[in-house]
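Biologist: I'd like to learn how to read a model like this one. Could you walk me through a few features?

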Amino acid sequence: MDLQYIGLKEINGPLIFLENVKGISFEEMVEIKLDNGQTRHGRVVEINGDLVAILVFEGTHNLSLRNTTIKFSGHAMKIGMSENVLGRVFNGLGEPIDNLGHVFVSKYLDINGSALNPVARVYPRNYINTGVSSIDGLTTLIRGQKLPIFSGSGMPHNDLAVQIVQQAKLSDEKDEKFAIVFAAMGVTNDVANYFKKSFEEAGVLDKVAMYLNLADDPIIERILTPRCALTAAEYLAYEKDIHVLVVMTDMTAYCEALREFSSSKGEIPGRKGYPGYLYSDLASLFERAGIIKDSDGSVTQIPILSMPNDDITHPIPDLTGYITEGQIVLDRELHQKGIYPPIGVLPSLSRLMKDGIGSGYTRDDHQSLMNQLFASYARVMDARSLASVIGEDELSIVDKKYMNFGKYFEEYFISQGHKSRTITETLDLGWKLLSILPKQELDRTDEMILERFYDKEEAINYFNIKDKTIIKELKKEDN
Amino acid sequence: MNKVYAINGPVVKVKNATEFTIMEMVYVGKDRLLGEVISISEDFTVIQVYESTVGLKPGEEIIATGEPISVTLGPGILTNIFDGIQRPLNKIYEKEGSFIKAGTTVPALNQEKEWEVTFKVKKGDHVEFGQEFAYVEETSLIKHKLLVPNNISGEVKTVKSDGKYKIEDVIVKVEDKYGNLHELTMVQRWPIKKPRPIKDRLPLSIPLVTGQRVIDTLFPIAKGGTAGVPGGFGTGKTMMQHQIAKWCDADIIVYIGCGERGNEMTQTLDEFSELIDPKSNKPLIERTVLIANTSNMPVAAREASIYTGITIAEYYRDMGYHVAVMADSTSRWAEALREISGRLEEMPAEEGFPAYLPSRIAQFYERAGYTQTLNNNNGSVSIIGAISPQGADFSEPVTQNTKRFVRCFWALDKELAYARHYAAINWNLSYSEYINDLSKWYNKQVGVEFLDARQKFIKLLAEENKLMEIVKLIGKDVLPDYQKLTLEIARVIRVGYLQQNAFHKEDTFVPLDKQLKMMNLILYLQKEAKRVLKEGKAFSLLLKTNIFDKVIKVKYDIPNDQLVLFDNYYKMIDEALHAIK
Ligand SMILES: Nc1ncnc2c1ncn2[C@@H]1O[C@H](COP(=O)(O)OP(=O)(O)O)[C@@H](O)[C@H]1O
Ligand SMILES: [Mg+2]
């Protein structure tokens with residue numbers, strides 16, 4: 001189909017309006033040619049009789065009612081796919097920008113994808129060893145999961161994402177195919193380069209497809225960026241049997257682009273000006289993770305988002321948490337204490353870990369250890385808030401022990417720097433930490449497990465506790 | 001011919017049409033997308049489309065069906081998984097592969113399968129609307145009663161003999177008093193937004209026993225009752241629904257995944273096929289039907305999924321079954337209403353939700369109830385609806401409006417969830433209004449001590465709450481011993497009783513008699529400990545005995561089928577306390 005129209009009826013924000021249009025379809029892609037030879041892209045977002053509204057991805061600057069020619073493509077937006085996207089860099093529209101020429105195309109795919117039939121899914125169960133204790137031990141990442149990092153400005157979410165990508169790759173013993181799809185939305189050039197460099201250092205650059213819509217790129221194009229990236233991921237996973245890890249950053253910038261589009265369309269805004277359909281829109285991205293029966297590949301997503309004002313109830317983290325299978329929350333206080341990775345473990349969660357840990361997966365005591373660490377660390381928070389009122393000296397002996405446990409837990413377990421730990425190391429460390437609490441405080445664990453793993457002496461040695469009074473206290477309640 | 005005029009997401013308009021009726025089912029465009037007429041004016045008829053409208057063009061045809069959006073009711077519903085408009089997802093998978101395409105048409109129920117039919121009427125019998133005229137064994141658990149449909153009554157003219165038939169086969173013919181002959185098959189259609197008729201509503205007096213202690217003991221729901229479960233993400237709404245769906249003593253479970261995760265539906269399907277119901281020794285899926293309209297499926301069908309589910313529930317209720325409906329999450333349905341309303345440019349009420357949100361919520365929950373069916377059986381529909389409040393803020397419209405129309409409120413708490421105290425039901429914010437209606441049943445079926453013990457638990461938790469205010473300011477050490485004991489017993493109740501581990505073999509489901517025995521044991525410990533304090537012994541010495549922790553772990557250490565072991569614990573308490581010097 002080759003319908004062409006000259007001139008516009010109206011331009012309003014990123015939208016252009018055309019009159020007397022016939023035979024075009026909802027969400028059809030259009031090409032916009034300017035007099036000066038420039039080409040832009042757009043999508044039909046509303047049809048009202050013969051009046052259509054088109055969203056222009058690259059923005060409407062320099063457009064006038066006269067200087068444009070609109071060409072309808074006859075179909076929704078598709079991009080060309082083949083395994084050759086690996087090792088390449090694209091813009092937010094899926095066009096190569098690495099000067100390496102066109103990508104060989106074996107298939108054109110609709111970037112919106114289609115809803116995956118729940119019957120076609122395989123429930124994900126295999127854990128990915130990331131080497132990070134707070135993740136492997138407490139919020140285990142599962143292959144095929146969507147597990148976002150909730151962060152804030154200035155926190156090391158990019159480091160953590162890179163660390164996960166690098167270490168997860170190394171632990172992959174079996175000779176399975178893997179790939180990384182990276183989508184950047186509204187982040188700076190530095191950030192994109194940082195990722196690129198670390199992929200390079202890990203020697204995997206030829207297995208990475210990058211889709212970049214950087215801070216100074218057209219904002220509305222951002223709406224397409226994750227869709228192009230996920231189309232590539234689905235293609236690689238489901239048609240080429242590759243295990244694909246998708247890193248998308250920053251989802252907050254993506255949502256802001258969506259808000260801009262929505263308000264220009266005059267839609268009734270929801271909370272904080274975001275459109276009422278933000279949930280559905282995000283779901284249409286995040287649900288494109290998983291494993292299907294008909295292929296051996298998988299799509300695992302690690303979206304990164306910055307919480308405005310570190311506020312987890314802000315609509316973006318809030319709606320994300322309602323869709324994703326858990327979240328890894330970075331904590332500013334830990335960050336300020338110099339702890340890396342500053343993972344706030346209490347609000348963090350992996351919904352899929354329950355079926356991917358324990359005997360046959362990690363170790364049979366994993367579930368108990370995790371429950372107990374969470375419960376005990378939550379008690380630390382109570383003790384700390386009490387201490388802030390009455391002073392640490394006035395705390396009861398038990399509360400003091402919790403203060404002590406909290407300190408060690410943060411210094412030894414959470415704070416691990418960039419080196420990798422095996423799952424055994426992580427679990428053993430967890431038990432050692434619990435062993436500095438009185439045994440009867442461990443009320444989430446059954447006796448048999450405690451019998452096997454509770455060992456006060458070893459804890460004292462391991463943490464090199466020298467203070468005589470602490471040792472005395474620690475040993476006292478044993479009998 | 002009626003043609004598409006305007007398209008805005010799931011909303012399609014037709015210009016100058018007059019023959020549509022409100023709530024009529026229509027097919028839109030060349031792909032025959034399923035839609036429903038939602039408003040009519042002189043200029044425009046507005047249709048909401050239950051499938052993606054990408055690729056739809058103005059000028060494409062819209063076909064009226066003359067029928068409201070309906071479900072197909074008949075054998076083959078159980079063990080199945082449908083989307084929001086009752087398309088069988090298994091069949092779609094077989095036909096089209098992993099991804100769902102718009103405009104797919106597959107009959108809801110298997111039309112080829114032959115069912116063994118046993119007839120309950122003979123030639124010359126008089127039958128009435130709602131009467132059972134035959135049955136088939138739909139699963140090894142559930143006898144599917146075939147009910148005379150759609151206001152038909154009259155004389156049976158022909159009956160096939162018992163044997164194998166397909167659902168569309170005519171098996172009975174009935175002549176009404178005007179001489180019209182009606183052909184009955186095993187299927188009937190029913191409009192999803194119209195409640196199925198009943199003879200009478202009966203008072204609620206029997207609990208829906210869930211095996212979840214905090215519910216059965218503190219905040220029970222009646223068979224035929226309603227409960228709202230609000231909670232921020234990760235607080236355990238879905239797990240709670242799964243737990244109830246697995247273990248509650250309903251006959252039939254209708255599980256509606258409305259706008260939630262695909263993997264959760266896959267998990268439910270897998271798990272329920274494997275899990276064996278302890279009472280019947282049959283896989284749980286044999287009493288279950290799943291409705292899956294996941295968050296990435298078209299928004300408008302979320303609304304339909306809720307009604308599809310409840311209509312199926314009513315249908316089984318009419319056979320005399322107790323049906324429990326899980327709706328996860330009703331907030332996604334409300335948001336779908338908001339989205340459509342927004343596209344219609346209706347005047348929004350609170351937070352963009354349409355003004356008719358409260359009445360829609362009310363109509364939905366009103367379809368619950370304990371009823372006398374048309375054929376004089378008793379059946380019930382209980383509804384448990386999850387609510388996903390924005391920012392975990394319970395003052396938002398969906399939570400508040402649901403609260404007006406449900407009688408159980410199980411408020412899930414972020415802090416409890418962070419500390420991994422599950423079920424994270426906040427005992428200060430939650431309530432059940434059924435307790436009086438159910439007291440007779442508890443007294444008779446479980447024992448008069450049950451509600452007594454419950455009352456004592458509630459009092460202890462309230463005392464703890466008050467004491468914690470003080471502790472937060474000055475610490476625990478300064479409290480007198482008897483108050484320390486109160487705190488310790490409250491801890492035993494919280495950790496040893498209210499908290500329940502869904503992943504633990506013994507703890508995942510706990511029968512009422514064990515619940516009572518656990519309560520009694522804890523209260524005995526309290527009584528005895530109090531006595532020892534009165535004798536002037538220090539609380540610190542009591543703590544040293546570790547007896548509190550032994551009692552906390554009773555939930556794991558005494559299997560559900562070895563309740564005699566409780567006796568040992570009484571001895572243990574006596575010995576431990578006696579040994580204190
Ligand atoms: N009863 C329970 N026992 C153990 N873990 C639970 C329980 N309820 C919830 N959880 C944990 O909390 C996580 C989130 O629960 P979920 O029901 O998915 O939350 P929601 O639906 O409210 O977002 C689960 O993946 C599980 O790890
Ligand atoms: Mg949920």
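**Reading the model, feature by feature**

Modeller: Let's start with one residue: B:Ala392 counts as partly exposed, at 26% relative accessibility. Keep in mind that this is a predicted model.

Biologist: Where does B:Ala392 lie in chain B?

Modeller: In the loop between β24 (378-387) and α8 (397-405) of chain B. Its backbone is worth a look too: phi of B:Ala392 is near 55°, a positive value in a residue other than glycine.

Biologist: Why would I stop at a positive phi?

Modeller: Because most residues other than glycine have a negative phi. Chain A has a case as well: A:Asp310, not a glycine, has a positive phi of about 55°.

Biologist: Is A:Asp310 buried or exposed, or something in between?

Modeller: A:Asp310 is partly exposed, because its relative accessible area of 32% falls between the 20% and 50% cut-offs. As for its place, A:Asp310 is in the loop between β15 (298-306) and α7 (315-323) of chain A.

Biologist: What about the peptide bonds themselves?

Modeller: The general idea is that most peptide bonds are trans. A:Thr249 and A:Asp250 are joined by a cis peptide bond, with omega about 5°. A:Asp250 is found in the loop between β14 (243-249) and α5 (251-264) of chain A.

Biologist: Which peptide bond in chain B is cis, with omega near 10°?

Modeller: The one from B:Asp328 to B:Ser329. B:Ser329 sits in the loop between β22 (322-328) and α6 (330-343) of chain B.

Biologist: That brings us to α6. How do I read a pair of helices?

Modeller: Take the axes, then the angle, then the residues that touch. For α6(B) and helix α7 (residues 357-365) of chain B, the axes come within 11 Å and cross at roughly 140°. The two helices, α6(B) and α7(B), are therefore oblique to each other, and their crossing is right-handed.

Biologist: Which residues make that contact?

Modeller: From α6(B) come B:Thr330, B:Trp333, B:Ala334 and B:Leu337, while α7(B) brings B:Leu357, B:Arg360, B:Ile361, B:Phe364 and B:Tyr365. Sorted by class, the contact of α6(B) with α7(B) has seven nonpolar residues, one polar and one charged.

Biologist: How are α10(A) and α11(A) oriented to each other?

Modeller: Roughly antiparallel, because the angle of about 160° is over the 145 degree cut-off. Here, too, the crossing is described as right-handed, with α10(A) passing α11(A). On the α10(A) side you'll find A:Phe405, A:Tyr408, A:Phe409, A:Tyr412 and A:Phe413, which meet A:Thr426, A:Leu429, A:Gly430, A:Leu433 and A:Leu434 in α11(A). The residues of this contact between α10(A) and α11(A) divide into eight nonpolar, two polar and no charged.

Biologist: What is A:Tyr238 in contact with, leaving aside its neighbours within four places in sequence?

Modeller: With that exclusion, the contacts of A:Tyr238 include A:Leu116, A:Ile291, A:Val299 and, from chain B, B:Phe99. Sequence distance and spatial distance can tell separate stories: A:Tyr238 and A:Ser298 are 60 residues apart in sequence, and their C-alpha atoms are 7.1 Å apart in space.

Biologist: And which residues does A:Ser114 contact, beyond its neighbours within four places in sequence?

Modeller: B:Phe99 and B:Ile100. A:Ser114 is in the loop between β10 (107-110) and α1 (133-138) of chain A, and it is partly exposed, with a relative accessible area of 35%. Across the sequence, A:Ser114 and A:Arg288 are 174 residues apart, with 8.9 Å between their C-alpha atoms.

Biologist: Last one: how many helices and strands are there in chain A?

Modeller: Chain A has 14 helices and 17 strands. Of its 479 residues, 63% count as buried.

Key:
Residues are numbered from 1 along each chain as its sequence is written. Chains are lettered from A and ligands numbered from 1 in the order in which they are written. This is a predicted model: local features need pLDDT of at least 70, side-chain atom pairs count only at pLDDT 80 or more; totals for chains, interfaces and linings use all residues. Side-chain values use heavy atoms; hydrogens and water are left out. Helices (H or I, at least four residues) and strands (E, at least two) are DSSP runs, numbered from the N terminus. Buried means under 20% relative accessible area, exposed over 50%, partly exposed in between (1.4 Å probe, protein chains only). Contact means heavy atoms within 4.5 Å. Axes are lines fitted to C-alpha atoms, for helices over the stretch in contact, and angles run from 0 to 180 degrees between N-to-C directions. Angles under 35 degrees count as roughly parallel, over 145 as roughly antiparallel, 65 to 115 as roughly perpendicular and the rest as oblique. A crossing is left-handed if the near helix is turned anticlockwise from the far one by less than a right angle, and right-handed if clockwise. Ala, Val, Leu, Ile, Met, Phe, Trp, Tyr, Cys and Pro count as nonpolar, Asp, Glu, Lys and Arg as charged, and the others, Gly among them, as polar.
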